[in-house]
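Read it with the coordinates open.

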Amino acid sequence: MEDVIQTYMLPYDPDYPVVCCDEACKQLFGEVRPPRRPRRGHQAQVDYEYERKGVCHQLLMCEPLRGWRHVRVSARRTRKDYALCVREVVDVHYPQAKKIRMVQDNLNTHDGASLYEAFPPAEARRILDKIEWHYTPKHGSWLNMAEIELSVLERQALGDRIETAQEMVRTTGAWEEDRNERGVEVKWRFTTADARIKLHKLYPSLP
């Protein structure tokens, strides 16, 4: 826990960016009947009945101090999907970084084995050499600031029914572009001192 908090307290350094990564799953719904056109002064009428269209997965990465985030949409949650996301972070978004300090939780796909499963050993090693892992504690995934971004994404952009993965890509892309243009940062104020007071029960007791 303190490792993650201390990582957040580091000053901004473009050579060693702190990037948070998290995942979410969204049910896709289709309309059984098209919505009725809204009358003047009224909202459109949407039938409560819907058709299930499967699920869609979002891998969100963000750099809170820079006010940047990106959502990668995939059909499934597999080791390969995660590995492709990590490679995108390294090669597309931070090619000049010396080391990327990546904060994430303890999902079973969130490890170096996923990269070796997706890529040849030399490629997996190249990517891993650019990553410095920082894991949130078990039952403490709320320490990952990417969870905050996922919550904002759900509230601001994913409230309506979304029917296809392509629609999900457009919706999350528009939300991402607007939030990045405004440079919205996450103001983290929970310090190590706070943790030692408020979460003292989680620390081992001295005899």
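Strands (E, at least two residues) and helices (H or I, at least four) are DSSP runs, numbered from the N terminus. Arg69 lies in strand E3. The model is predicted: local features need pLDDT of at least 70, side-chain atom pairs count only at pLDDT 80 or more, and totals for chains, interfaces and linings use all residues. Residues are numbered from 1 along each chain as its sequence is written, and side-chain values use heavy atoms, with hydrogens and water left out.

**Overall fold**

The protein has seven helices and five strands. Read from the N terminus, the order is α-β-β-β-α-β-α-α-β-α-α-α. Of the 207 residues, 40% are buried. Buried means under 20% relative accessible area, exposed over 50%, and partly exposed in between (1.4 Å probe, protein chains only). A contact is a pair of heavy atoms within 4.5 Å. Among contacts with a separation of 6 or more, 75% join residues 24 or more positions apart.

**Salt bridges**

A salt bridge puts a side-chain nitrogen of Lys or Arg within 4 Å of a carboxyl oxygen of Asp or Glu. The structure holds 14 of these salt bridges.

| Pair | N to O distance |
|---|---|
| Arg69 and Glu149 | 3.0 Å |
| Arg72 and Glu88 | 2.6 Å |
| Asp178 and Arg182 | 3.0 Å |

Take Arg69 and Glu149, whose side chains meet in a salt bridge. Arg69 sits in strand E3 (residues 68-74) and Glu149 in helix H5 (residues 145-157), so the pair ties together parts 80 residues apart in sequence. Is Arg69 buried or exposed? Arg69 is buried, at 1% relative accessible area. Glu149 is also buried, with a relative accessible area of 1%.

Next come Arg72 and Glu88, which form a salt bridge with the closest N and O atoms 2.6 Å apart. This pair links distant parts of the chain, with Arg72 in strand E3 and Glu88 in helix H2, 16 residues apart. Arg72 is partly exposed at 26% relative accessible area, whereas Glu88 counts as buried at 12%.

Asp178 pairs with Arg182. Asp178 is partly exposed, with a relative accessible area of 37%. Elsewhere, salt bridges that share partners join Arg87, Asp91, Glu123 and Arg126 into one network.

**Around Arg69**

Leaving out residues up to four places away in sequence, Arg69 touches several residues, including Met61, Cys62, Trp175 and Arg179.

**Helix H2 and its packing**

Helix H2 (residues 79-93) has 15 residues. H2 reaches 20 Å from its first C-alpha to its last, close to the 21 Å expected at 1.5 Å a residue. That expected span is 1.5 Å times one less than the number of residues. Buried residues of H2 include Asp81, Tyr82, Cys85 and Val89.

H2 packs against helix H4 (residues 121-128) at an angle of about 65°, with the axes 10 Å apart. Axes are lines fitted to C-alpha atoms, for helices over the stretch in contact, and angles run from 0 to 180 degrees between N-to-C directions. Which residues make the contact? Val86, Arg87, Val90 and Asp91 of H2 meet Glu123, Arg126 and Ile127 of H4.
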